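Good morning. Please have the structure open while I talk; I will go through a few places in turn.

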Amino acid sequence: MPLPAAPVDDSQREIDFPVTDEPLREDVGRLGALVGEILSEQVGADFLAEVERIRKAAIARRESDGGVEVLAQQLSHLPLARAEDLVRAFATYFSAVNLAELVHRIRRQRDYQRAGASAQPGGLREVAAALRDAGVDADELRAALADCLVQPVFTAHPTEAVRRALLEKERMIVRALVAGFDEQRTPAERRADLAIIRTALTAAWQTEESAPEKPTVADELEHVSFYLTEVLYRILPVFHEIFEDALGENFPGVASPDGLLRFGSWVGGDMDGNPNVGAETIAATLATQRALVLAAYRADLRNLAQLLSQSATRVAISAAVLARIDDYRALLPPETRPRPRWQDMPYRALLDLIVQRLRATEAGLASGYGNAAEFTTDLELIGDSLRSHHGEQAGWFALRRVLRRARCFGFHLATLDVRQDSRQHDIALAALFADAGYAARDIEQRLALLRPLLLANACVSAADAPAAVATLAVFRTMAASLPRYGRVAFGLYIISMSRSAADVLAVLALARLGGCVDGDGAVPLDIAPLFETVADLQASQDVLRTLFAEPAYRDHLARRGGVQWVMLGYSDSAKDGGLIASRWALQRTQVELTELSAQAGIVIRYFHGRGGSVSRGGSKTERAVIAAPRGSINGVLRVTEQGEVIHRKYGIRAIALRNLEQAAGAVLRATLRPRAAEPREVRWREIVAVMAEVARGHYRGLVYDTPEFPEYFRAATPIDVIERLRIGSRPSRRGGSGGVDSLRAIPWVFSWSQNRAGLTAWYGAGTGLSAAIAEHGLATIQEMASDWPFLVMMLDDLEMVLAKSDMAIFERYSQLAGPLHAQLYPRIAEEFSRTREALLMIKGQTGLLEGDRRFRRSIRLRNPYVDPISLLQVDLLARWREAGRPEDALFAALVATVNGIAAGVQNTG
């Protein structure tokens with residue numbers, strides 16, 4: 001084990017750890033003991049004793065299921081410095097729990113790999129065997145793989161509450177813990193592991209959790225690029241090697257396709273509500289991403305050159321390699337030519353010349369590569385020569401890894417999506433048409449104005465009206481960037497708040513006006529409407545029917561391969577109508593649009609705009625894919641990854657690899673052997689449609705139809721703190737007043753997770769479920785909850801949020817609302833109880849999470865540390881508001897509580 005023995009915490013003895021998880025119990029105990037030593041050293045023995053006293057009181061309160069008054073009293077009116085130290089101490093403890101669980105996932109993954117015959121559930125090996133057993137043959141699999149795409153898209157949404165400096169400390173600890181898996185490590189090596197962990201924990205204690213300034217777009221790009229270059233770039237070839245091993249066992253002769261994995265980003269291109277993003281950031285992002293990936297290639301090629309030292313006097317070298325060396329010696333300046341002593345090492349000489357061409361590419365010189373395909377061709381020349389001259393065991397493996405990366409990351413690293421609110425397009429067009437009332441015109445009037453601009457011979461430039469300058473500049477920048485970076489550099493052009501066909505045609509028209517057309521006069525962009533609210537999702541089929549009826553747009557789609565992308569908004573639909581209404585609207589939309597796809601002869605692909613929390617579509621990717629409507633996946637999974645989810649899923653290479661395996665495996669299952677058609681589903685959909693409408697009415701009755709609710713929301717949640725956090729470059733609102741309507745979904749959900757209510761996920765659900773039980777009978781709903789993956793996943797997600805919620809602690813927050821507490825808290829508490837009772841009734845359980853002991857254990861491990869931070873936040877909120885909300889030490893202490901609770905409940909927004 002990586003750490004010396006330490007006694008198991010008494011609070012853990014009552015927690016169920018199966019035999020396979022005993023190492024986790026040991027890691028939690030050892031890390032906890034180490035944290036205690038650090039707290040005693042850094043603050044004092046008396047402080048550690050106070051932490052222990054409060055922790056034990058929190059455990060006692062939980063075990064007795066009692067109130068929080070005694071614990072709250074211990075934590076009220078503490079000196080600010082003491083309060084902040086306590087928050088950070090508790091946060092450090094459950095950060096250790098988080099890391100122990102993360103490392104245990106890696107341990108269990110290795111256990112499966114060592115077992116040999118036992119493939120890990122959800123892994124590519126298990127999936128390949130299952131497909132073989134289901135009758136899939138090699139030709140069927142090969143054809144499916146040719147069109148498969150798994151593409152995580154990283155966004156800069158402000159949901160990451162921990163700064164990168166601390167994330168890097170976590171990586172140090174994880175590496176040291178993983179090193180301890182090796183039973184052959186010497187005592188000296190184990191002491192070194194312990195020293196690394198102690199150093200990282202101590203340095204983290206001495207580091208502020210939040211940066212002093214809001215991040216710029218460049219800062220956000222640096223953050224996301226860390227995951228792209230340090231994690232995903234490294235593991236990409238490993239993913240393919242694992243897949244090829246799985247295929248070799250089950251489908252000999254089928255290869256892992258290079259196009260299966262791709263990565264995307266919104267950083268630098270997401271203009272929706274962010275005045276800091278526009279044409280300049282798009283250009284800067286493309287240049288930065290290119291520089292990063294070219295630097296990664298140069299490092300790889302230098303390492304490869306050290307390996308490929310073959311001498312022409314010892315082994316034959318292909319004539320094509322020798323000819324390419326001569327070509328590049330003539331092309332590149334004399335000072336960049338390889339060292340004379342390498343003249344008998346052709347591979348090393350050519351790799352050095354390739355590095356020089358990559359440098360010239362970054363500098364924009366004529367001697368650089370024109371595109372990434374030219375670069376991969378050079379690598380393929382070396383690969384062909386190696387394989388033709390007994391080099392398969394003398395460097396081909398390492399070269400192939402670089403080739404895999406080059407084919408995936410190209411010269412762009414990640415495709416850049418561009419996103420803008422439809423209203424901004426309307427403002428630009430109103431200015432260009434000199435028609436102030438353009439946005440208010442009905443759909444037919446707007447379509448009539450747009451059609452002349454969609455023709456291939458229409459004008460491709462326009463005099464800039466001031467209100468259109470920024471919008472047209474974006475399209476001009478994209479037009480200028482395409483020749484340099486290639487079409488693969490751009491992903492989708494996404495239209496937020498899409499409500500009509502005119503919103504999509506507006507982008508096509510503006511692209512032409514901005515000169516964003518190719519040599520054939522076509523607009524080289526995939527335009528994706530984003531349907532966000534429940535009403536917009538319900539109207540999406542009519543919108544696309546109207547769009548497909550437009551000849552100019554059909555021509556555009558034909559030039560884009562007959563593919564229409566649609567983005568589905570999980571966040572705003574849940575904020576608009578609650579969880580059940582949102583999930584059902586999303587499911588129904590995919591069913592209807594998949595049917596429309598077959599009718600219209602156009603491939604419709606879905607881009608899932610999921611967030612981290614359940615309220616924003618956060619679920620396990622594997623389960624979400626399996627629960628999707630039959631035929632909707634069709635080989636493609638494109639999904640947003642943001643905030644704390646990026647770190648949780650992609651912060652550690654082994655975990656990132658596992659997540660990619662699960663996603664790819666689920667896509668293959670859903671595509672090649674989807675679940676059988678279910679005749680009962682027709683009836684089930686009718687039941688859920690009514691359930692969703694009832695739930696939505698109850699949810700909106702509180703959130704939108706109760707006049708006092710906005711005031712209550714601002715008092716009973718720390719939204720006023722969250723709005724000031726320096727964790728994202730864009731504002732928390734799209735504009736408008738201080739009410740709920742204009743607030744973005746992220747701070748909305750963040751606020752309700754902070755106060756431990758989780759209201760955004762379950763409010764209205766109990767009313768909807770109870771109504772369905774009353775009308776159709778418990779047995780019918782139980783049958784649906786057992787046999788319909790859609791409802792199974794939704795109820796499991798609901799159960800998880802209910803288990804994380806704590807109404808006793810939330811009541812303390814609610815009391816901050818003064819008289820409104822008595823008016824609104826009973827309504828909220830009643831719906832919580834109704835939801836919990838309905839869920840338990842449907843599942844046939846007496847308590848939450850009876851079927852998921854690991855998650856139940858995870859919550860119990862954290863609660864003794866999260867509960868005190870929550871009660872400290874309530875106390876500090878009251879003091880801060882009474883003082884007039886100053887930006888002082890009191891606010892800094894509040895920020896520490898926000899970070900702590902976010903890490904403890906493991907989601908922000």
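I start with a side chain: that of aspartate 806 makes a polar contact, at 2.7 Å, with the side chain of arginine 62. A polar contact is a pair of N or O atoms within 3.5 Å; within protein, one must be able to donate a hydrogen and the other to accept it, and residues adjacent in sequence count only if both atoms are side-chain atoms. A polar atom of the aspartate 806 side chain also lies 3.0 Å from the backbone nitrogen of isoleucine 809.

Some notes on the source. This is a predicted model, where local features need pLDDT of at least 70 and side-chain atom pairs count only at pLDDT 80 or more, while totals for chains, interfaces and linings use all residues. Residues are numbered from 1 along each chain as its sequence is written, and side-chain values use heavy atoms, with hydrogens and water left out.

Where is aspartate 806 found? It is in the loop between helix H34 (789-804) and helix H35 (807-814). Helices (H or I, at least four residues) and strands (E, at least two) are DSSP runs, numbered from the N terminus. Aspartate 806 counts as buried because its relative accessibility is 5%. Buried means under 20% relative accessible area, exposed over 50%, and partly exposed in between (1.4 Å probe, protein chains only). Leaving out residues up to four places away in sequence, aspartate 806 touches Arg61, Arg62 and Arg756; contact means heavy atoms within 4.5 Å.

Next, the barrel. It is closed, has 8 strands with parallel pairing, and runs S1-S2-S3-S4-S5-S6-S7-S8. Two strands pair if DSSP finds at least two bridges between them. Strands S3 (residues 415-421) and S4 (residues 490-496) run parallel and are joined by 5 bridges. Leucine 416 has phenylalanine 490 in S4 as its bridge partner.

Now helix H13, residues 346-363. How many of its 18 residues are buried? The count is 15, so H13 is largely enclosed by the rest of the structure. After H13 comes glycine 364, with a positive phi near 75 degrees.

Last, the cysteines. A disulfide is a pair of cysteine sulfur atoms within 2.5 Å, and a search of the whole structure finds 0 of them. For cysteine 148, the closest cysteine sulfur is in cysteine 408, 15 Å away, which is too far for a bond. Cysteine 148 counts as buried at 5% relative accessibility, and cysteine 516 counts as buried at 1%.
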